[in-house]
2 protein chains.
Amino acid sequence: MTAPTSGTRPDDARRHNRAALLRRLHVDGPCTRATLATELGLNRSTIKAVVDGLAEAGVVTEAVPTRRSGAGRPSLLVLPEPQSAVVLAVDIRVDQVGMAMVGIGGQILGRHSWNLHRTTRLPGEVITHVAESAQLLREELGVVEQGVGVSVPGVVRRRDGLVHEAPNLGWREVALGSRLTAVLGKQAQVGNDAELGALAEHLRGVARDASDLVYLSADVGVGGGVIAGGRPLRGTGGYVGELGHLLVRPDGRDCFCGAQGCWETEVGEPALCRALGLAEDTPRGVLVAELRSLAAVPGRADLLLDDYAGWMVAGLVTVVNMLAPELVVLGDLFAALPPSVVARVRDEVQRRSLVSRAVGGTRMEVSPLGRDGKLVGAAELAFEPVLGAV
Amino acid sequence: MTAPTSGTRPDDARRHNRAALLRRLHVDGPCTRATLATELGLNRSTIKAVVDGLAEAGVVTEAVPTRRSGAGRPSLLVLPEPQSAVVLAVDIRVDQVGMAMVGIGGQILGRHSWNLHRTTRLPGEVITHVAESAQLLREELGVVEQGVGVSVPGVVRRRDGLVHEAPNLGWREVALGSRLTAVLGKQAQVGNDAELGALAEHLRGVARDASDLVYLSADVGVGGGVIAGGRPLRGTGGYVGELGHLLVRPDGRDCFCGAQGCWETEVGEPALCRALGLAEDTPRGVLVAELRSLAAVPGRADLLLDDYAGWMVAGLVTVVNMLAPELVVLGDLFAALPPSVVARVRDEVQRRSLVSRAVGGTRMEVSPLGRDGKLVGAAELAFEPVLGAV
């Protein structure tokens, strides 16, 4: 339904090829010119011109591969220069803010983080602290970021980074994108934390080969990010769906959102604490330690988390039936669930979901990125415009 | 993440322009060469060459518009010739099969339909009858279809038209696409009925201006089709999500799918019959008449359908929170719900959905295409490859 363009000018083509080649190196790592030519569908002279240009600009270097296959002159290995294009990634969580300078290729060059409490969680405080930490990181590492990506556990309008509501931070209608852009002097892209978690798994995690996946995470509340047909799924206005607020239990607890029995009220961090007989505001470290020790006693986790697992299944059946993903990634706190509980949830979803059976079974994996997932996703969000402009 | 192509050859560009122009005329109707040039971003000499070629082939005609604006020579109006490219649309419903020959531009040239009963609902019977009816339509209208599109109320693998399960037809693992292709001698594309309903509303119905929409329909069971970012949302293997099988009621009725309290068991056609005190297998005509007479007595529908509306709300809050659509279209049987019930559902979804509030309110409209929606969608499915090949 899109109108055809009237043709491609040589400059556009060069820029396009350059960005595509950089993106390939950034996401999939160093490779030979020959591989680049094959993967990008470009001839070797075009690849040579682009690589030479990037090497002159100091964005890539070339090296002779140590292992060679076949006879003849080995194809040179092209490597991105991490410091040549750097972004600032900011992961605002309920209990902590994590920041990192990330170089092209995805290398974390340096980090900074601090804890959040009720009094330091105000938007103004967080923004000031982010600006100060960014300055420290710049000085420490001797780099300046070219872009900024921010992860927030809330409902975010992607166009301008307005945080409509981040309940567990107590934020409403915070113009985070424009305020951070103002203090940092670089365009700040803001995204929903679970959407960025999904992006991270898709580019650098367990979902690299999946084009249809759902990433689920619990950071107090429950969020979900969806990649459908290889692209992030967003609704109108760029809003990302809120998987934590699908309704699973008509007689369930009241949710802050105005509904009752949201998935989040049944399987979020406080619900998990309750199931284990812990106070709802048990610190994350204590909760994770408890889950680990529980997993060591056969049958104990399954007994204590029986109801909890049932609500996990209820929400997941709905998610799988609606979206038909090939893979569900459990991130953040969900990644700490005892393996036997994850296995039970996986089996039961398979049994109860019509769509899972139709697609030949939905895989369920625990995130390998752990707590870094959303930070990695925020960096990728920042790299999107940067890679086109290097 | 896609590799750039190495350039566009003149032949490809011509074909591309021709298909884009035909698609524009097909979907949005006749318009002037000047409008085509503006909308497609092509210069007037390119438009002239393409239109002249299509006119020579008899695919379009040109006419002097009766109304003219401004001075100077009026721009000629370009009209598609309906008979020059014809497709066969087949809408397999639970109680009926509807077929039509549809010309380019969307005009229905002729129709045929017959009722289905338990004994005539077998795949082999339906396929034979479709082939016979197609032959009758060809002879009656003096046309031959260039493509075939089929709508089925079931879980369909789009790649090859395998019907994995169509519970209300009693079908399982029916190779409908290849079997129809064999008897009709033309490639038959098979789609899920609700997905095709969504496509029809998006191209020719109430959702022409919406890029993020959900279409909901009840034909015995409940189905949903989703357009996200202007494209049909599909999961792995091309399977479309099954919105009828999101779980809304943990203590609800058993569903054929193996789960309990699916949305379909609470708001499908039998549930609506029960709410009105009718037998579950009340014929559609009787049910719709009952709904109409109910709407005439103020307050009566709201009272009888109070619980029913509550389950509509529960499912819709989940759908809206997960997908953030700007528009929900109620199709098929849902289009016959009394207006006061639709208004209540709309208001309550708005109040209880976090995402609906974030996006500034989710519109909810009744389908204007009525029972023809899925037939129209099946025709569009068939036109997709045909328009590129005319």
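**Where the chains meet**

I looked up the interface first: chain B and chain A bury about 4700 Å² between them, 66% of it on carbon and sulfur atoms. Buried area here is the accessible area (1.4 Å probe) that two parts lose on being put together, summed over both. I reminded myself that the size of an interface is often given as the accessible area lost when the parts come together.

A note on the source: this is a predicted model, in which local features need pLDDT of at least 70, side-chain atom pairs count only at pLDDT 80 or more, and totals for chains, interfaces and linings use all residues. Residues are numbered from 1 along each chain as its sequence is written, chains are lettered from A and ligands numbered from 1 in the order in which they are written, and side-chain values use heavy atoms, with hydrogens and water left out.

Next I asked how many residues the contact takes from each chain. I found 57 residues from chain B and 57 residues from chain A, with contact meaning heavy atoms within 4.5 Å.

I then looked for polar contacts (a pair of N or O atoms within 3.5 Å; within protein, one must be able to donate a hydrogen and the other to accept it, and residues adjacent in sequence count only if both atoms are side-chain atoms). Between chain B and chain A there are 12 residue pairs in polar contact, both at pLDDT 80 or more.

Which elements of chain B supply at least two residues each to the side that touches chain A? I listed α1 (10-28), α2 (33-40), β9 (162-166), α11 (306-323) and α13 (354-358). Helices (H or I, at least four residues) and strands (E, at least two) are DSSP runs, numbered from the N terminus. With 8 residues, α11(B) gives the most to this side.

**A sheet in chain B**

I found an open sheet of 3 strands in chain B, in the order β8-β9-β10 with antiparallel pairing. Two strands pair if DSSP finds at least two bridges between them. The edge strands are β8 (155-157) and β10 (171-174) of chain B, each pairing on one side only. I counted 3 bridges joining β9(B) to β10(B), and I saw B:Glu165 opposite B:Arg172 in β10(B).

**Salt bridges**

Side chains of opposite charge can pair when their charged atoms come close. I searched for salt bridges (a side-chain nitrogen of Lys or Arg within 4 Å of a carboxyl oxygen of Asp or Glu).

I picked one pair to follow: A:Asp332 and A:Lys374 form a salt bridge, with their closest N and O atoms 2.7 Å apart. The pair links distant parts of the chain, 42 residues apart: A:Asp332 is in strand β15 (residues 327-332) of chain A, and A:Lys374 is in helix α14 (residues 373-389) of chain A.
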